[in-house]
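Reader: I am new to this structure and would be grateful for a close look at a single part of it. Please take one residue as the starting point and then set it in its surroundings.

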Amino acid sequence: MNAFLRFFEHLGMGTILLWRTLKSFREIGKVLKHPLWEQMDIMFFGSVPLVILTALFSGLVTTVQIGYYGRGYVPMDYVGVALAKMVMIELGPVLSALIVAGRIGAGIAAEIGTMRVTEQIDSLECMGIDPVRFLVLPRVLAGVIVLPLLTIVAEFIAIVSSSIAAKFYIGVPAYIYFHGLRLFFVPLDLWGGLIKASVFGFIITIVGSHWGFATEKGATGVGKSTTNAVVTSSLFIIFADYILTVMIYR
Amino acid sequence: MIELIDVHKSFGKKQVLRGVNLRIPAGECLVILGRSGAGKSVLLKHIVGLIQPDRGRVIVEGVDINRIPESKLYKIRKNIGFVFQGSALFDSMSVFDNVALPLVEEGLLDESEIRRRVMEVLELVELQEALNLMPSELSGGMRKRVAIARALVAQPKYVLYDEPTTDIDPITSERINDLIIELNTDVGVTSVVVTHDIHSTLRIADRIVLLSGGIIKVDVKREHVWEVDDPEFQEFIKVFKMLKNIE
Ligand SMILES: Nc1ncnc2c1ncn2[C@@H]1O[C@H](COP(=O)(O)OP(=O)(O)OP(=O)(O)O)[C@@H](O)[C@H]1O
Ligand SMILES: [Mg+2]
């Protein structure tokens, strides 16, 4: 019962935060310069190595798997297309987002959570500074911009690594791989994936901020919040992925 | 003027304030005494609306701060400087940026003017050299002084100090007392000071109240402190009396 009530408490708090964030867009001018760049910098360069590694290996793995499933059914020349579509529509945005949720989402929750328990948030309010505009808005904006950028990097790496795997594991030379890829490419594949990535960026940053604000005092408070931020945003990402895929591609 | 009328506040089952009535006229320097956990910090936070009362009203310059929209509350807060018990400096910003933030956010002054004002208040707390340090590089007492500088930088009409001299050596502590007095008498800043430090209390206060059992148990002008017969209050000033005798 208690957990049930808490769920709704957080849902309510989260909705209020969402509303206040949207309202704070009125003061967007104040964050466009320094704070936004700073956050974008932290988010992009903090996550890009992880994203590259993940993309590299998922490109390899998926190609080997496609070779295995498709053998005897699908002409291997189409590996490139199959993979590129998978990467752009699904793997690129979702895997990057899940990795980034662990990094950026947890980071935001920890940072804002520490500010909450050490009264830095109260201190902002005392100065007449809206903490949502000051802390959440630049992070959310940065997330919405940086996630698609990371996704493009991930997709590029995954496609390159898969073209290499295609050559070595299933004997499809690169020119055939890329020829097939070009033949069936539709821009919507790319755009749809990037729109997803933006939405995931929004989810990660707003959920991280929410858990930061909701952090309880005490030694374990911040730790709990970071875990909760990762778990909650991962769940929301998977859920939003489903909704968005249906909306964009059905 | 700040006025608390019948303020009640509980956290869960724990009743912290049980009907606080307190009126702080403009220009006064009020000291709030009370044992650890008595609710002094909670009381102070009511004055800026960081905590809302369960019952009762908090009135600042004639406005009930819990019955106005947030944007108006933010305006009122700009007249109030608040020194947090734990300093609450922004970890990610240098000392300079911490102190400058209220002015930068206000956006009324240009960069050189902001710089001048920041240096001025840092000088008041004798921390000009710490300008470029990060909060993590400061001692507890230095952090407290930066917090004081930050509370003063926007030239507020009211300053609320939550234990300004705790963690601070006696010499610096004396400077801070002087600073509080100076701001109060020369600039006319209304000051509310929470402290355990009875020596500084007797130096700076126009009036002293004791918060105990969730109410204002003693409320006395500075010149009448020796006439109070409340045992808890006497306990507070006893140490000072003993020291006086040694001298
Ligand atoms: N946000 C809060 N949530 C729950 N309980 C709180 C909260 N803030 C304060 N309390 C409780 O209220 C009581 C009074 O706290 P407060 O910090 O005002 O004491 P204090 O008089 O300032 O003590 P000290 O001299 O040690 O600073 C304490 O029991 C504290 O646990
Ligand atoms: Mg306190």
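Does B:Leu179 count as buried or exposed, and at what relative accessibility?

Author: The model discussed here is a predicted one. In it, B:Leu179 has a relative accessibility of 6% and therefore counts as buried, the limit for that class being under 20%. The residue belongs to helix H6 of chain B, which comprises residues 170-187. Apart from neighbours within four places in sequence, B:Leu179 is in contact with B:Leu124, B:Val125, B:Ile148 and B:Leu152.

The surroundings may be followed through helix H5 of chain B. Helix H5, residues 140-152 of chain B, packs on a sheet and touches strands S6 and S7 of that chain. The direction of this helix makes about 175 degrees with that of S6(B). The sheet itself is open and has 6 strands, in the order S6-S7-S8-S3-S9-S10 of chain B, with mixed pairing. Its edge strands are S6 and S10 (215-221) of chain B, each of which pairs on one side only. From one strand to the next, the twist averages 15 degrees. Within the sheet, S7 (residues 158-162) and S8 (residues 190-194) of chain B are parallel partners joined over 5 bridges. In this pairing, B:Tyr161 stands opposite B:Val193 of S8(B). A further helix, H8 of chain B (residues 231-246), lies across S3 (29-33), S9 (207-212) and S10 of chain B. Its direction is at about 120 degrees to that of S9(B).

Another strand pairing in chain B involves S1 (residues 2-11) and S4 (residues 55-60), which run antiparallel and are joined by 5 bridges. There, B:Ile5 has B:Arg57 of S4(B) as its bridge partner. S4(B) is also joined by 2 bridges to strand S5 (residues 63-64) of chain B, again in the antiparallel sense. B:Val60 has B:Val63 of S5(B) as its bridge partner. The hairpin of S4(B) and S5(B) has 2 residues between the strands, and B:Glu61 takes a positive phi near 50 degrees in it.

Among the buried residues are B:Val95, B:Phe96, B:Leu101 and B:Leu103, together with B:Asn98 and B:Glu105. The buried residues of H3(B) pack against helices of both chains: H4 (120-126) and H5 (131-170) of chain A, and H4 (111-124) and H5 of chain B. After H3(B) comes B:Gly107, with a positive phi near 70 degrees. In the loop between S6 and H3 of chain B lies B:Ser94. B:Ser94 is buried, at a relative accessible area of 12%. Not counting residues up to four places away in sequence, B:Ser94 touches B:Leu131, B:Asn132, B:Leu133 and B:Met134.

The magnesium ion, ligand 2, has B:Ser41 (OG) and B:Gln85 (OE1) as its protein donors, at 2.0 to 2.1 Å. B:Ser41 lies in helix H1 (residues 40-47) of chain B and B:Gln85 in the loop between S6 (80-83) and H3 (95-106), so the pair ties together parts that are 44 residues apart in sequence. With 36% relative accessibility, B:Gln85 counts as partly exposed. Ligand 1 is surrounded by 14 residues, the closest being B:Lys14, B:Ser36, B:Lys40, B:Ser41 and B:Gln85. A polar side-chain atom of B:Gln85 is 2.7 Å from an oxygen atom of ligand 1. For B:Ser36, an N or O atom of the side chain lies 2.5 Å from an oxygen atom of this ligand. B:Gly39 contributes a polar backbone atom, which is 2.9 Å from an oxygen atom of ligand 1.

Chain A, which supplies two of the helices packed against H3(B), has 8 helices and 0 strands. Its C-alpha trace spans about 65 × 45 × 30 Å along the principal axes. Buried residues account for 49% of the 250 residues in chain A.

Conventions:
Residues are numbered from 1 along each chain as its sequence is written. Chains are lettered from A and ligands numbered from 1 in the order in which they are written. This is a predicted model: local features need pLDDT of at least 70, side-chain atom pairs count only at pLDDT 80 or more; totals for chains, interfaces and linings use all residues. Side-chain values use heavy atoms; hydrogens and water are left out. Donors are N, O and S atoms within 2.8 Å of the metal (3.2 Å for Na, K and Ca); water is not among the atoms, so sites may look incomplete. Helices (H or I, at least four residues) and strands (E, at least two) are DSSP runs, numbered from the N terminus. Buried means under 20% relative accessible area, exposed over 50%, partly exposed in between (1.4 Å probe, protein chains only). Two strands pair if DSSP finds at least two bridges between them. Axes are lines fitted to C-alpha atoms, for helices over the stretch in contact, and angles run from 0 to 180 degrees between N-to-C directions. Contact means heavy atoms within 4.5 Å. A residue is near a molecule or strand if one of its heavy atoms lies within 4 Å of it. A polar contact is a pair of N or O atoms within 3.5 Å; within protein, one must be able to donate a hydrogen and the other to accept it, and residues adjacent in sequence count only if both atoms are side-chain atoms.
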